[in-house]
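Subject: Structure handover

Hello,

Please find the structure below, followed by notes on what was found in it.

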Amino acid sequence: MKKLGKHIVAFLLISVCTLVGATPDEKISVLIVDGFSNHDWKATTQAISSILRSDENFEIDVSTVPTKNSELWKAWNPDFNDYDLVIQNTNDISRKGSWPEAAKKSLERYVSGGGGLLIFHSANNAFPNWDEYNQMIGLGWRKKGYGRAIVIREDKPVIIPTGEGGNTGHGKRVNAVITRLGDHPIHKGLPKKWMAADTEIYRYARGPAENISILSYANDAKTGLNFPTEWVVGYGEGRVYNSTFGHYWRDLSEAPPGIRCNGFRTVLCRAARWLARAEITPTSPDNFPSADRISLHEGN
């Protein structure tokens with residue numbers, strides 16, 4: 001293993017206050033893309049929408065990918081440039097869906113041109129054969145022969161080379177102690193450590209791992225290693241946020257604790273604002289979890 005070089009970890013130190021973007025009173029336009037997944041994509045989209053609408057500045061549209069290979073699917077190509085932020089909530093593990101090539105190219109141009117992209121939970125697992133998607137997400141759910149993984153040692157990211165370690169995986173969901181690295185605008189003012197409810201800790205998430213900054217990590221009980229739980233990627237002029245938070249499995253009667261976690265909900269809204277280059281208030285809400293206690297939102 002070797003320490004992660006400057007060309008791999010490019011910590012983003014630019015304050016959101018210096019960026020051109022939405023002011024606190026301006027609306028932030030969001031497009032959620034859904035339509036297929038091995039998770040409950042409909043309930044997930046509803047949960048994302050509900051959480052973001054707790055911030056009255058977000059305006060949300062949804063574009064559902066039509067059935068694969070239908071005439072509607074072939075013509076599906078949202079105008080991503082109409083939005084400050086795109087949230088990716090599709091996952092092709094079930095092999096029941098995909099994006100048309102034209103839409104893939106449109107997303108690549110949107111992000112590389114300065115757009116914001118949020119990879120929501122199982123979207124981290126999607127599209128292993130879409131090369132530019134792998135560049136955008138940095139690390140994903142992949143076999144160990146695909147690419148590099150990252151572990152955290154003494155608060156420093158360290159590369160696990162391709163082929164070493166294991167395939168991407170996770171154990172049982174746990175109330176995980178999240179440790180943040182640095183003072184990224186998404187986390188500014190939040191505790192150094194906090195407990196995320198019912199969370200999946202991905203072992204050996206893999207990918208190109210280029211232009212990536214690890215924002216937080218948690219300890220995996222099986223290996224005893226610290227693995228990333230949140231990271232951001234620079235793709236051209238654009239920004240991408242990726243995390244393992246937000247699991248919503250099929251056939252649940254209510255939102256699971258991981259979705260109701262006040263830590264996750266706070267970070268999701270902050271990440272969305274950062275991606276849209278909008279101002280983030282750097283204070284910790286009263287209901288934010290501590291290092292030894294979860295905090296759950298009441299209701300879905």
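G169 sits in the loop that runs between β7 (156-160) and β8 (174-180); helices (H or I, at least four residues) and strands (E, at least two) are DSSP runs, numbered from the N terminus. The model is predicted, so local features need pLDDT of at least 70 and side-chain atom pairs count only at pLDDT 80 or more, while totals for chains, interfaces and linings use all residues. Residues are numbered from 1 along each chain as its sequence is written, and side-chain values use heavy atoms, with hydrogens and water left out.

G169 has a relative accessibility of 10% and therefore counts as buried (buried is under 20% relative accessible area, exposed over 50%, partly exposed in between, with a 1.4 Å probe and protein chains only). Apart from neighbours within four places in sequence, G169 is in contact with W141, I201, Y202 and R203, where contact means heavy atoms within 4.5 Å.

K68 is another loop residue, placed between β3 (58-64) and α2. K68 is partly exposed, at a relative accessible area of 37%. With neighbours within four places in sequence set aside, K68 is in contact with W73, K96, G97 and S98. The C-alpha atoms of K68 and G35 are 9.9 Å apart, and the two residues are 33 residues apart along the chain.

Salt bridges

Side chains of opposite charge can pair when their charged atoms come close. The criterion used here is a side-chain nitrogen of Lys or Arg within 4 Å of a carboxyl oxygen of Asp or Glu. Over the whole structure, 11 salt bridges are found.

One of them joins the side chains of E71 and K74, at 3.4 Å from N to O. Both residues belong to helix α2 (residues 71-75) and are three residues apart, about one turn of the helix. E71 is exposed, with 61% relative accessible area.

A salt bridge also links K105 to E108, with 3.7 Å between the closest N and O atoms. Helix α3 (residues 101-112) holds both K105 and E108, three residues apart, about one turn of the helix. K105 is partly exposed at 42% relative accessible area, whereas E108, at 10% relative accessibility, counts as buried.

D198 and R173 form a salt bridge through their side chains (3.7 Å, N to O). This pair links distant parts of the chain, since D198 is in strand β9 (residues 193-199) and R173 is in the loop between β7 and β8, 25 residues apart. Salt bridges with shared partners join R173, D198 and E200 into one network. R173 counts as partly exposed, at 36% relative accessibility.

Cavity

How many cavities of 30 Å³ or more are there? The count is one. On a 1 Å grid over the protein atoms alone, a cavity is a set of points where a 1.4 Å probe fits but cannot get out, and lining residues have an atom within 4 Å of a point. Grid points are joined across faces, edges and corners, and the volume is the space filled by probe spheres set on the points.

The largest cavity has a volume of about 70 Å³. Its lining includes D198, E200, H247 and C261. Strand β9 supplies the largest share of that lining, four residues. By class, the lining has five nonpolar, five polar and two charged residues; Ala, Val, Leu, Ile, Met, Phe, Trp, Tyr, Cys and Pro count as nonpolar, Asp, Glu, Lys and Arg as charged, and the others, Gly among them, as polar.

Cysteines

The disulfide count is zero, the criterion being a pair of cysteine sulfur atoms within 2.5 Å. C261 is buried at 1% relative accessible area, and C269 counts as buried at 13% relative accessibility.

Backbone

H121 is not a glycine, yet its phi is positive, about 40°. H121 lies in the loop between β5 (116-119) and α4 (131-137) and counts as buried at 2% relative accessibility. D251, also a residue other than glycine, has a positive phi near 65°. D251 is in the loop between β12 (238-243) and α5 (257-260), and counts as exposed at 76% relative accessibility.

Regards

How values were computed. 1 Å grid on protein atoms, 1.4 Å probe; cavity = no way out; pocket = protein on both sides within 12 Å on 5 of 7 lines; lining within 4 Å.
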